[in-house]
Amino acid sequence: MVYLTRKAEFAASHYYHNPEFTPEQNRALFGKCNNPNGHGHNYTLEVTVKGSVDPTSGFVVDLKELKEVMNREVLDAMDHRFLNKEVPEFFTQIPTTENLAIAIWQRLVPKLKAAQLHRVRVYETPDLFVDFYGEP
Amino acid sequence: MKAHLTRRYLFSASHRLHSNEKPADWNRVTYGKCNNPHGHGHNYHLEVTVSGPVDPETGMVCNLVDLDGFVSREILGRFGHQNLNTLPEFASQVPTTENLCIAIYDILWRGFRQAHLEKVRMEETMMNSFAYAGGAELRD
């Protein structure tokens with residue numbers, strides 16, 4: 001089994017707000033992240049796939065295909081977007097880094113044919129990142 | 001859905017690697033420059049990884065304010081800008097980054113209740129890093 005990781009970067013804005021909470025509860029829980037006008041991050045995405053090395057190509061996965069899937073499913077939808085308003089998953093969920101990693105996993109899984117998705121890592125900043133392994 | 005959240009912190013501290021149970025020659029040979037009696041310092045990068053179900057109400061594994069508050073109070077406040085050899089944790093063990101990693105893991109394991117502690121990873125320099133998961137194998 002060989003693991004292969006491809007990185008990508010995207011920039012997006014978001015804010016944290018639960019409509020079931022009062023404004024005071026939202027402010028207390030989410031602090032500065034509750035500003036309804038949003039704020040942004042440069043996100044770094046790392047997608048790790050695993051598989052056996054194809055004896056003919058020498059590849060675990062064709063990197064060009066992986067890059068195209070990541071571009072189409074994630075970057076085209078999220079780069080330079082306001083996550084709460086433009087990405088359907090976040091019409092109903094709070095766009096935390098945790099939920100972003102889960103949403104990216106769920107977008108990629110049905111589109112990856114050759115290799116098995118192992119991990120999605122999303123850096124919100126260099127000092128904060130979330131890993132999702134598809135665990136329930 | 002279970003997710004893993006990792007937060008990085010930075011603190012600076014000094015130490016000297018020296019075992020009181022061993023003769024001076026052994027210490028010089030074993031620890032080399034790190035045995036300098038006056039000590040030396042590092043900028044330690046600390047990575048704390050916690051895991052748990054993502055709370056549907058908050059979208060979080062745990063509130064970062066709680067994790068940052070705990071680490072700031074119990075770890076950065078205790079070890080930052082200190083000579084590690086003078087601290088109770090290292091009264092009877094050498095303050096290698098291996099032992100520092102385990103000491104920090106133990107503080108988090110005993111005191112941080114808002115999420116499950118997965119591992120502690122430390123970079124002593126850009127070239128050396130250490131990780132401890134309470135004796136468990138690492139997942140990556």
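Modeller: Helix axes are lines fitted to C-alpha atoms over the stretch in contact, and angles run from 0 to 180 degrees between N-to-C directions. Helices (H or I, at least four residues) and strands (E, at least two) are DSSP runs, numbered from the N terminus. This is a predicted model, in which local features need pLDDT of at least 70 and side-chain atom pairs count only at pLDDT 80 or more, while totals for chains, interfaces and linings use all residues. Residues are numbered from 1 along each chain as its sequence is written, chains are lettered from A in the order in which they are written, and side-chain values use heavy atoms, with hydrogens and water left out.

Biologist: In what order do the elements of chain A run from the N terminus on?

Modeller: Chain A has 5 helices and 5 strands. From the N terminus, their order is β-α-β-α-β-α-α-α-β-β.

Biologist: How are α2(A) and α5(A) oriented to each other?

Modeller: The axes of α2 (residues 63–78) and α5 (residues 97–108) of chain A come within 10 Å and cross at roughly 140°. Angles under 35 degrees count as roughly parallel, over 145 as roughly antiparallel, 65 to 115 as roughly perpendicular and the rest as oblique. The two helices α2(A) and α5(A) are therefore oblique.

Biologist: Which residues of α5(A) make the contact with α2(A)?

Modeller: Contact means heavy atoms within 4.5 Å. From α2(A) come Val69(A), Met70(A), Glu73(A), Val74(A), Ala77(A) and Met78(A). The α5(A) residues are Leu100(A), Ile104(A), Arg107(A) and Leu108(A).

Biologist: Where does helix α2 of chain B bend?

Modeller: The bend at a residue is the angle between axes fitted to the seven residues ending there and the seven starting there. For α2 (residues 64–79) of chain B this angle is about 40°, and the residue is Ser72(B).

Biologist: Against which elements do the buried residues of α2(B) pack?

Modeller: Buried means under 20% relative accessible area, exposed over 50%, and partly exposed in between (1.4 Å probe, protein chains only). In α2(B), the buried residues are Leu67(B), Phe70(B), Val71(B), Ile75(B) and Phe79(B). They pack against β1 (2–15), β2 (40–53), β3 (82–83) and α3 (97–111) of chain B.

Biologist: What is the phi of His80(A)?

Modeller: Most residues other than glycine have a negative phi. His80(A) lies in the loop between α2 and β3 (81–82) of chain A and is exposed, with a relative accessible area of 64%. Its phi is positive, near 55°.

Biologist: Is His81(B) buried or exposed?

Modeller: His81(B) sits in the loop between α2 and β3 of chain B and has a positive phi of about 55°. At 71% relative accessibility, His81(B) is exposed.
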